[in-house]
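Hi,

Here is the structure I promised to send over. Have a look through it first, and then read on for my notes.

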Amino acid sequence: MKKKLLSASVALMCLGSFNAQALTYISAKAMVDVQTGEVIQSPLITIDNGVITDVTQNKKPSMNKNDQHIDLPELTLMPGLMDMHVHLTSDPTVSRSERLSQSVPRMAIKAAHFAKKTLLAGFTTLRNVGAEGYSVIAVRDGINAGDIVGPRIWAAGPSLGITGGHCDNNRLPPELKYTSTGVADGPWAARVKVRENIKYGANAIKFCATGGVFSKGTKVGVQQYSFEEMKAIVDEAHMRDLPVAAHAHGTSGIKTAIKAGVDSIEHASFLDDEAIALAKKHGTWLSMDIYNTEYTLSFGEQNGVDEENLNKERQVSKKQRDSFNRAVKAGVNMVFGTDAAIYPHGDNAKQFSRMVKFGMSELQAIQAATINSAKLLKMDNKLGQLKSGFAADIIAVKGNPLKNISVLERIPFVMKAGVVYKQ
């Protein structure tokens, strides 16, 4: 009997040892605390099952047999970066006429390719604000299932918009009777479309409150949805606890969307003092894509961008950057959103230098892409910082990004959920 008990005890001990979760340790030259702006020397981060469990200084890891130690003695650690405005299905090197012939499966394959490219550029979390056919939702689910490699994704389904508006497709002749999937006119139709997006897996909602640069036949500053329609969209999404983004260049559309309760204004090109005051009052986040102008005006024509769209970009660019500067000075909530797809995916970090040039400190720009974006997603207790209890989404850079923000354009190390994707 004693022998049987001893054998059982040994077997249990072996089983416990076999099931023990191996730890990962990361040490580096330094680490940026994105909340305080402090640069911490000789950090040691402990990771268990994809979650940070400890952050210390000047210590060596106490390792068991199966533990892993990643030593980055020349690099500075940071939380993974977050971009709140991307379109993974779109390729800026492909003309808009050619895109009309692409099927939803082809778009999904493009999105999978660009998702991996963006992750390797250091962006461990994205918000995809609109794609046809629920394609990016499928890519997100494939990433979560481990089928493909990519960032965490908050995916809106097809963007909501009025008939003939920026979120419709006005490039086809009337006899084809084509209407974009997200078109909904009237408050109840808009509510139905939100419900439909949620039914098919959306964990974010996006609608078009004004005209836009890259649509045909819309005036960039003109409001498109009424207050009643916007309010219906926001209320329906918020009942399901989904964040709502409003594409809004024009002043009237910006103000109406804020009053309707949206979580973020995308582009926010034509801000006046009242719009800034409203954003502050309501705590609305602004996501302003102030980098892609250079790419559009330099390469747009050769990539098939129509002259109508190039002219609208020329109208918007300086105004948007002036608005950005005024919003920063006023202390409005700001997140990092680039509109990736207007320029090549993977170049997202090039916007940081523009944010600094047009009014932000380096720390403010980094916070926009970390703790602020996490707050917008209501994930600020899990994402955006290197702290115990947070996801092990970690990047490393060579140099101090608080002194030279451009180092974020070259990321030599990327980890998401404790898994190394680039080293």
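This is a predicted model: local features need pLDDT of at least 70, side-chain atom pairs count only at pLDDT 80 or more; totals for chains, interfaces and linings use all residues.

With a relative accessibility of 8%, Asp 339 counts as buried. Despite being buried, Asp 339 has no salt bridge. The nearest side chain of opposite charge belongs to Lys 206, and that is 6.7 Å away. What the Asp 339 side chain does have is a polar contact of 3.4 Å with the side chain of His 87. If you leave aside neighbours within four places in sequence, Asp 339 is in contact with His 85, His 87, His 267, Asp 289 and Asn 292.

The backbone of Asp 339 deserves a look too. Its phi is near 65°, a positive value in a residue other than glycine. Most residues other than glycine have a negative phi. Asn 49 also has a positive phi, near 55°. Asn 49 lies in the loop between strand E3 (43-48) and strand E4 (51-57). Is Asn 49 buried or exposed? At 61% relative accessibility, Asn 49 counts as exposed, whereas Asp 339 is buried at 8%.

Now the salt bridges. How many does the structure hold? There are 17 salt bridges, and I'll go through a few of them.

- Asp 393 and Arg 152: the closest N and O atoms are 2.7 Å apart. This pair links distant parts of the chain, 241 residues apart, with Asp 393 in the loop between helix H13 (371-376) and strand E14 (394-397) and Arg 152 in strand E8. Asp 393 counts as buried at 5% relative accessibility, while Arg 152 is partly exposed at 24%.
- Arg 354 and Glu 294: these side chains meet in a salt bridge of 2.9 Å, N to O. Arg 354 lies in helix H11 and Glu 294 in helix H9 (residues 292-299), so the pair ties together parts that are 60 residues apart in sequence. Glu 294 is partly exposed, at 26% relative accessibility.
- Arg 191, Arg 195 and Glu 236: salt bridges that share partners join these three into one network.
- Asp 141 and Arg 140: the closest N and O atoms are 2.9 Å apart. Asp 141 is partly exposed, with a relative accessible area of 38%, but Arg 140 counts as buried at 9% relative accessibility.

Val 34 is found in the loop between strand E1 (23-32) and strand E2 (39-41), and at 2% relative accessibility Val 34 counts as buried. How far apart are Val 34 and Ile 366 in sequence and in space? They are 332 residues apart in sequence, and their C-alpha atoms are 7.1 Å apart. Neighbours within four places aside, the contacts of Val 34 include Ile 366, Leu 363, Gln 367, Thr 370 and Ile 371, along with Pro 79, Gly 384 and Gln 385.

The other one is Leu 286 in strand E12 (residues 285-287). Leu 286 is buried, with a relative accessible area of 1%. Not counting residues up to four places away in sequence, Leu 286 touches Ile 265, Ala 268, Leu 271, Ala 327, Val 332, Asn 333, Met 334 and Val 335.

Finally, the surface. Which residues form a nonpolar patch there? Leu 100, Leu 172, Leu 176 and Tyr 178 do, with about 340 Å² of accessible area together. Of these, Tyr 178 is in the loop between strand E8 (152-155) and helix H5 (187-199). Tyr 178 is partly exposed, with a relative accessible area of 38%.

That's everything from my side.

Cheers

Methods. Residues are numbered from 1 along each chain as its sequence is written. Side-chain values use heavy atoms; hydrogens and water are left out. Buried means under 20% relative accessible area, exposed over 50%, partly exposed in between (1.4 Å probe, protein chains only). Lys and Arg count as positive and Asp and Glu as negative; His and the chain ends are not counted. A salt bridge is a side-chain nitrogen of Lys or Arg within 4 Å of a carboxyl oxygen of Asp or Glu. A polar contact is a pair of N or O atoms within 3.5 Å; within protein, one must be able to donate a hydrogen and the other to accept it, and residues adjacent in sequence count only if both atoms are side-chain atoms. Contact means heavy atoms within 4.5 Å. Patches are made of residues with over 30% relative accessible area and no salt bridge: like charges are joined within 9 Å, nonpolar side chains (Val, Leu, Ile, Met, Phe, Trp, Tyr) within 5 Å. Accessible areas come from the Shrake-Rupley method with a 1.4 Å probe; for residues, only the protein chains shown count as cover. Helices (H or I, at least four residues) and strands (E, at least two) are DSSP runs, numbered from the N terminus.
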